Amino acid sequence: MTIPSVDRTIQLISTGAASGSTCSPDLVTAPWEFDAAAPGYGPGSSMGDVIPTGSPRQGELPETYRRATPEELAARIRSAKATLGDRVVILGHFYQRDEVLQHADFVGDSFQLAQATKSRPEAEAIVFCGVHFMAETADLLSGPEQAVILPNLAAGCSMADMADLDSVTECWEQLEDLYGTQADASGRVPVIPVTYMNSSAALKAFCGEHGGIVCTSSNAQTVLGWAFERGQRVLFFPDQHLGRNTAKAMGVPLEQMPMWNPRKPLGGSTATELDDARVILWHGFCSVHRRFTVDQITQARQTHPGVNVIVHPECPMAVVDAADSAGSTDFIGKAIAAAPAGSTFAIGTEINLVQRLAAQHPEHTIFCLDPVICPCSTMYRIHAGYLAWVLEGLVGVDGRAPEVLNRIQVPASDAVHAEVALERMLAARPPAAAPVLVGQA
Ligand code: 13P
Ligand code: SF4
């Protein structure tokens, strides 16, 4: 059985040719229609989130790409890639559309893609089919001469936008007033900042400068262990759920994980609560993963007795607790690949990955916990049209001089400290975290 891409499924649902429902009728509209619209994340899971003013915007995609059929775009991408050869490497996150991911040289989770960035130092350009913070990370980890390209500048991340440098600095100052800055008898400082990979380069720099570190969903436990060796407490941002789920699995009691709401004095906690804290959780979340509920798991267990429920650790704690296991996007793929044929899986993560896993594993029954199709708004902003545009820009077609379009460059002032925090993260390797080469997965 061939399972069509999410894009195709959405088109079929919209015409009534397939049953099912989507979270927004606008999902059928091409992403470039939203480039010129008022700032926003676009249709999908983050469409209700408020986008910060000044978020990167994407200019108009030239008409030739907007008008091209999917087949034409695929042919143009293949041709540009063939012309560029080793001069370009394309990285793709698991949540990307199949129409884009089919052209990637490396496919992986955030950790694997950060590693993959370093694997082709000879490539002049790294085209990152993912979201803004991933492209920033690639710029930080790649060589100074390498250009990192994000095909659509509007592909941000609503969770990453929930923590900004000003509010984290304000929080830090309040914590310093409360805890002081002196290490305890065992040399542990009062608090270590830990940022999830899903954050701006400025916040990674903050962590590097203040003795902290970056984590991804695949090495969060190792990273928290690293931080607890050096600090009495951790300030974890922006994802409260990854922080809570990870610390809970390590035995930290919930009452020692107060939340920090940047809009409230002392983050909304009392000084005593903060004094007792082991992990202070920033008030951020992923709008894709908060769609998953315990009710959906109950429903899946009723309709599919024996079902194996796997969710991403960005899901709320009650969902992770009700699931059979939780892990990064790569973990989910590996768990499915290792299962005996005939297994049934209900998956709590982004629909593009779930639908692809279902297509790759016809020996299993695999479905998304959420029956409503609702992709990550920002991952979905990358369409094959933008990929063709940036690749042909590098080649220089139709009389255009070759040019680097949509380059992502972290300012030097942030880069120094952000690299320190990222190198600490890369040293905290999750098990078997080698980049997955397409065709060898
Ligand atoms: P992974 O690191 O598990 O790929 O997660 C990235 C992400 O953005 C999940 O929402
Ligand atoms: Fe951000 Fe969530 Fe999308 Fe990941 S899935 S890029 S955390 S909004």
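Modeller: Let's start with the words helix and strand: helices (H or I, at least four residues) and strands (E, at least two) are DSSP runs, numbered from the N terminus. What you see above is a predicted model.

Biologist: Thanks! In which loop does leucine 266 lie?

Modeller: Leucine 266 is a residue other than glycine, yet its phi is positive, near 50 degrees. Look for leucine 266 between a strand, β9 (259-260), and a helix, so its place is the loop between β9 and α12 (271-276).

Biologist: Which residue does a cis peptide bond join to phenylalanine 237?

Modeller: Omega is about -10 degrees at this cis bond.

Biologist: Are α4 and α17 roughly parallel or roughly antiparallel to each other?

Modeller: The axes of helix α4 (residues 70-84) and helix α17 (residues 384-395) come within 9 Å and cross at roughly 30 degrees. Angles under 35 degrees count as roughly parallel. Therefore α4 and α17 are, to each other, roughly parallel.

Biologist: How many charged residues has the contact of α4 with α17?

Modeller: In α4, the residues in contact include Leu73, Ile77 and Lys81, and in α17 they include Leu387, Leu391 and Glu392. By class, this contact of α4 with α17 has 10 nonpolar and 2 polar residues, and the number of charged ones is 3.

Biologist: Is the crossing of α6 and α7 left-handed or right-handed?

Modeller: First find the pair: helix α6 (residues 110-117) and helix α7 (residues 132-141) pack at about 35 degrees, with 8 Å between their axes. The crossing of α6 and α7 is right-handed.

Biologist: What distance separates the centres of domain 1 and domain 3?

Modeller: The protein is divided into domain 1 (32-158 + 378-412), domain 2 (164-283) and domain 3 (289-373). Taken over C-alpha atoms, the centres of domain 1 and domain 3 are separated by 28 Å.

Biologist: Over which residues is the pLDDT below 50?

Modeller: The mean pLDDT of the protein is 95, and 97% of its residues reach 70 or more. One stretch has 20 contacts in the model beyond near neighbours in sequence, yet its pLDDT is below 50: residues 433-441.

How values were computed: Residues are numbered from 1 along each chain as its sequence is written. Chains are lettered from A and ligands numbered from 1 in the order in which they are written. This is a predicted model: local features need pLDDT of at least 70, side-chain atom pairs count only at pLDDT 80 or more; totals for chains, interfaces and linings use all residues. Side-chain values use heavy atoms; hydrogens and water are left out. Axes are lines fitted to C-alpha atoms, for helices over the stretch in contact, and angles run from 0 to 180 degrees between N-to-C directions. Angles under 35 degrees count as roughly parallel, over 145 as roughly antiparallel, 65 to 115 as roughly perpendicular and the rest as oblique. Contact means heavy atoms within 4.5 Å. Ala, Val, Leu, Ile, Met, Phe, Trp, Tyr, Cys and Pro count as nonpolar, Asp, Glu, Lys and Arg as charged, and the others, Gly among them, as polar. pLDDT is the predictor's confidence in each residue, from 0 to 100. Domain bounds come from an automatic or database domain assignment. A crossing is left-handed if the near helix is turned anticlockwise from the far one by less than a right angle, and right-handed if clockwise.
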